[in-house]
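Work through the following exercises with the sequence and the model open beside you, and try each task before reading its solution.

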Amino acid sequence: MMKRVFIDTMGCQMNKSDTERMLGMLSYLGYDETDEPKEADLLIINTCSIRQLSEDKAFSEIGTWGQWKKCGKDIKIVFSGCVAQQKQREIFKRAPYVDLVIGTHNIYQLPELIKRIEGGETRICECPDVPYGESDIEIKRVKSVNAWIPITEGCNNFCTYCIVPYTRGRERSRLPETIIKEAKDAIKQGFKEITLLGQNVDSYGKDFKDREYRLADLLTELNALDGEFWIRFVTSYPTDITDNLIETAVKLDKVCEYFHIPMQSGSSEVLKKMNRRYDRETYAEIANKVRRMVPDVTITSDFIAGFPGETEEQFQETLSAMEELNLDYSNTAAYSPREKTVAAKWTDLFIPEDVKTERLKRLNEKNMECCLRSNQKFVGRELDVLIENFENHKGKNVVTGRTRNNKIVHIPCEKDLTGCFVKVKITSAKTWYVNGEIID
């Protein structure tokens, strides 16, 4: 009889990719995925620790699972991901009903750990500091048009606000042979877009000691694979974007015109406190170079409101940077202190919550202005679109897709064209998307 597993995945695409790998391994242990947690024999939460809210949400959810277990339901509960790597055995104090805590470095150890809890062991904690070796596994990818493929893991930058180096470890590049095989498999399965993932994809290959091989080389090999598909890569660290990478992205027909380049603050003083390796002027030079060299490029970014010690004048510099650099979209968040990070110790510099909230509101308003202005530039243009889904919206059939430069497009259509590339004329612009009509 098939057992059932439910996985709730929080946070970034890297976590989503980890979940797909876990589902692949669990299928060999006789587990079938379910979308209903109450139907599951095995419940896994794959956590994110980038903000306190995400961590709190994770503990709230497993609290519900713990109640089911106390009421006699025969289930196993697994706590995984970044919070697991950070908190480790502390999790059992807050959630004693958890059977297994597994970190970010050893998801390939999951099968043997699941066998142990199935055999009756409880309160197992496996969160090694040294990464566990990869294994050749089936990947149970989420049914969509896009396949997420990690190419690097971890980060060496140690920004003062960021928990990633503590939860994901130091930068490690996966072998190009492994990545190319995963891409070939995904294309064979019908995926139409390959997104290369990493906390800092532009540093790919720096740690290879036996070869000179970087992101531009990987893009070139992937671009040569047979099939009709697009390639994206995220996330880029500003000062690691080389002219060679930009020129390669322009030259390769399958690589999309999209760069995600987090800035975090528009103030050089705040950037220095964040331990970012650039100032406002340097970031502007890089972003403007990308915009000059890559036709129709979309540049997106990340910003933090209310970093410890941030003055109103410094916050205003962030608003002006978004405007001056013509950023097309930005992920925004209020500063959240994370355990172990340097900035979390600057409690005397913490910005009051009401001030952070108000600054985030203004940041979001500026982001909306930038998004709308960016989308309006494409009204009347004809663009290639990869259709991602088909649905009935307010009584009308609509397909939704993305352009090469990552604009979301809504198109009236009576036919499900999911996975198809179509030519679309953009007819109008909204804040978060554009409308279009199929012309081919």
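**Exercise 1.** Within what distance do the axes of helix 12 (residues 312-324) and helix 13 (residues 353-376) come, and at what angle do they cross?

Solution. Before starting, note that this is a predicted model, in which local features need pLDDT of at least 70 and side-chain atom pairs count only at pLDDT 80 or more, while totals for chains, interfaces and linings use all residues. Residues are numbered from 1 along each chain as its sequence is written, and side-chain values use heavy atoms, with hydrogens and water left out.

Step 1: helices (H or I, at least four residues) and strands (E, at least two) are DSSP runs numbered from the N terminus, and axes are lines fitted to C-alpha atoms, for helices over the stretch in contact, with angles running from 0 to 180 degrees between N-to-C directions. The axes of helix 12 and helix 13 come within 9 Å and cross at roughly 15°.

Step 2: that angle makes helix 12 roughly parallel to helix 13, a label given to angles under 35 degrees.

Step 3: the crossing of helix 12 and helix 13 is right-handed, meaning that the near helix is turned clockwise from the far one by less than a right angle.

Step 4: contact (heavy atoms within 4.5 Å) involves residues including F315, L319 and M322 of helix 12, and R359, L363 and K366 among those of helix 13. By class, this contact has 5 nonpolar, 3 polar and 7 charged residues.

**Exercise 2.** Which residues of helix 9 and helix 11 (residues 280-293) meet, and which hand does their crossing have?

Solution. Step 1: helix 9 and helix 11 pack at an angle of about 25°, with their axes 10 Å apart, which makes helix 9 roughly parallel to helix 11.

Step 2: the crossing of helix 9 and helix 11 is right-handed, and D243, I246, E247 and V250 in helix 9 meet K289, V290 and M293 in helix 11.

Step 3: the contact of helix 9 with helix 11 divides into 4 nonpolar, no polar and 3 charged residues.

**Exercise 3.** Describe how helix 8 (residues 215-223) packs on helix 9 (residues 243-251).

Solution. Step 1: the axes of helix 8 and helix 9 come within 9 Å and cross at roughly 15°, and the two helices are therefore roughly parallel to each other.

Step 2: helix 8 passes helix 9 in a left-handed crossing, with L215, A216, L219 and T220 of helix 8 in contact with N244, L245 and T248 of helix 9.

Step 3: sorted by class, the residues of this contact are 4 nonpolar, 3 polar and no charged.

**Exercise 4.** Which residues line the largest cavity?

Solution. Step 1: the largest cavity has a volume of about 30 Å³, and its lining is made by D18, N46, S80, G81, G103, T104 and I107.

Step 2: the lining of the largest cavity divides into 1 nonpolar, 5 polar and 1 charged; here Ala, Val, Leu, Ile, Met, Phe, Trp, Tyr, Cys and Pro count as nonpolar, Asp, Glu, Lys and Arg as charged, and the others, Gly among them, as polar.

Step 3: for the terms, a cavity is a set of points on a 1 Å grid over the protein atoms alone where a 1.4 Å probe fits but cannot get out, and lining residues have an atom within 4 Å of a point. A volume is the space filled by probe spheres set on the points, which are joined across faces, edges and corners.

**Exercise 5.** Where is T235 found?

Solution. T235 is found in the loop between strand 11 (230-234) and helix 9, and the peptide bond from V234 to T235 is cis, with omega near 5°.

Note on methods. Angles under 35 degrees count as roughly parallel, over 145 as roughly antiparallel, 65 to 115 as roughly perpendicular and the rest as oblique. On a 1 Å grid over the protein atoms alone, a cavity is a set of points where a 1.4 Å probe fits but cannot get out, and a pocket is an open set with protein on both sides within 12 Å along at least five of seven lines; lining residues have an atom within 4 Å of a point.
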